[in-house]
Amino acid sequence: MTLTDYIALAVFALLWTGYNWATDGKVELSRVSLTRLMMAHRRRWILNSLTRDLKMIDSQIVAGLQAGTAFFASTTIFALGGCFALLGATDQVQSIMNDLPYVFHGGRSGFELKVGGLACLFAYAFFKFAWSYRLFNYCSILMGGIPMMSDMAHDRAGAERAAERAIQVNILAAKNFNAGLRSIFLSIGYLGWFVSPYVFIALTIFVIFVLARRQFYSEARAALLDDANA
């Protein structure tokens with residue numbers, strides 16, 4: 001590990017933290033992110049369930065969200081296992097990389113530290129996906145507790161509080177899902193560290209640029225913004 005490696009790791013952490021700060025919905029920015037727009041649509045969806053007795057639509061939506069979360073959770077487990085397998089084949093991988101041009105050779109210890117860091121990324125993503133899956137499960141239970149339309153006349157405020165609880169848990173589940181997905185995206189930039197710290201920095205900046213463009217300048221954002229304005 002050289003000084004450049006530590007600088008590259010610090011840049012990686014700062015860019016990740018800054019991107020989280022700009023997109024997680026906790027701060028008001030002049031340009032609304034795609035994540036914040038989707039929070040508003042999640043709220044609209046669950047509040048809309050107050051006006052209809054048929055809840056099968058809502059249960060199907062939550063089931064779809066859970067299925068996607070479970071898929072990514074299982075995928076990160078396989079990736080995590082691959083990292084441990086890579087640690088067991090350090091000598092073979094090192095011999096291959098030593099023959100490649102333009103690759104910075106940091107030694108066995110440096111390689112193992114980098115693989116360990118990659119394993120930590122996937123472990124972080126797994127815990128986020130697993131917690132998101134659990135929260136979507138809680139959300140389905142809370143949505144089952146939203147009163148029927150016939151009961152709203154007796155206690156509308158209580159029905160709105162029940163819907164608000166489901167909204168908050170649903171948004172929290174989405175935040176955890178996004179955090180796990182973000183970790184997988186950034187692992188692509190992290191792979192550049194196995195070549196050199198400079199490639200690590202360049203790939204991380206590229207990944208953050210792509211993610212930021214989707215959040216603030218994508219066609220999906222424009223579609224949601226137009227629909228919200230309508």
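This is a predicted model: local features need pLDDT of at least 70, side-chain atom pairs count only at pLDDT 80 or more; totals for chains, interfaces and linings use all residues.
## A walk through an all-helix model

At 7% relative accessibility, Arg221 falls under the 20% limit, so this arginine counts as buried. You will find Arg221 in helix 9, which spans residues 219–229. If we set aside the neighbours within four places in sequence, Arg221 is in contact with Arg31, Val32, Leu34, Leu37, Arg214, Gln215 and Phe216.

Let's step back to the whole chain. The secondary structure comes to 9 helices and 0 strands, and along the sequence this reads α-α-α-α-α-α-α-α-α. Of the 230 residues, 39% count as buried. Among contacts with a separation of 6 or more, 77% are between residues 24 or more positions apart. The accessible surface of the protein comes to about 12,700 Å², and 67% of that belongs to carbon and sulfur atoms.

Now for the interior. In soluble globular proteins, nonpolar side chains tend to be buried together. In this model, the largest nonpolar core has 20 residues, and the members that touch the most others are Phe12, Leu118 and Tyr190. Two or more residues of this core come from each of helix 1 (3–23), helix 3, helix 5, helix 7 (156–190) and helix 8 (197–216). Helix 5 gives the most, with 6 residues. There is also a second, separate core of 19 residues, which includes Ile46, Met143, Ile146 and Met152.

Leu118 and Tyr190 are worth a visit each. Leu118 sits in helix 5 (residues 107–144) and is buried, with a relative accessible area of 6%. Which residues does Leu118 contact, leaving aside its neighbours within four places in sequence? They are Cys83, Ser187, Tyr190, Leu191 and Phe194. The C-alpha atom of Leu118 is separated by 9.9 Å from that of Ile184, although the two residues are 66 apart along the chain.

Tyr190 is buried too, with a relative accessible area of 3%. Beyond its neighbours within four places in sequence, Tyr190 is in contact with Phe12, Leu113, Lys114, Gly117, Leu118, Leu121 and Phe200.

A pair of aromatic rings is described by the distance of the centres and the angle of the planes. The structure holds 14 aromatic pairs. In one of them, the ring centres of Trp131 and Tyr138 are 6.3 Å apart and the planes stand at 80°, so the pair is edge-to-face. Are these two residues buried or partly exposed? Trp131 is partly exposed, with a relative accessible area of 41%, and Tyr138 counts as partly exposed at 32%. Tyr190 and Trp193 make another edge-to-face pair, at 5.4 Å centre to centre and 90° between the planes. Here Tyr190 is buried, as noted above, and Trp193 is buried with a relative accessible area of 3%. Both belong to one aromatic cluster, whose members are Phe12, Trp16, Tyr124, Tyr190, Trp193, Phe194 and Phe200.

Next come the charged pairs. Side chains of opposite charge can pair when their charged atoms come close. A search of the whole structure finds 2 salt bridges. One joins the side chains of Arg43 and Glu164, at 2.7 Å from N to O. This pair links distant parts of the chain: Arg43 is in helix 2 (residues 34–48) and Glu164 is in helix 7, 121 residues apart. Arg43 is partly exposed, with a relative accessible area of 29%, and Glu164 is partly exposed at 28%.

The other salt bridge is between Arg156 and Glu160, whose closest N and O atoms are 3.2 Å apart. Arg156 counts as partly exposed at 48% relative accessibility, as does Glu160 at 37%.

Definitions and conventions:
Residues are numbered from 1 along each chain as its sequence is written. Side-chain values use heavy atoms; hydrogens and water are left out. Helices (H or I, at least four residues) and strands (E, at least two) are DSSP runs, numbered from the N terminus. Buried means under 20% relative accessible area, exposed over 50%, partly exposed in between (1.4 Å probe, protein chains only). Contact means heavy atoms within 4.5 Å. Rings of Phe, Tyr and Trp (its six-membered ring) pair if their centres lie within 6.5 Å; planes under 30 degrees apart count as stacked, over 60 as edge-to-face and the rest as tilted. A nonpolar core is a set of buried Ala, Val, Leu, Ile, Met, Phe, Trp, Tyr and Cys residues joined through side-chain atoms within 4.5 Å. Accessible areas come from the Shrake-Rupley method with a 1.4 Å probe; for residues, only the protein chains shown count as cover. A salt bridge is a side-chain nitrogen of Lys or Arg within 4 Å of a carboxyl oxygen of Asp or Glu.
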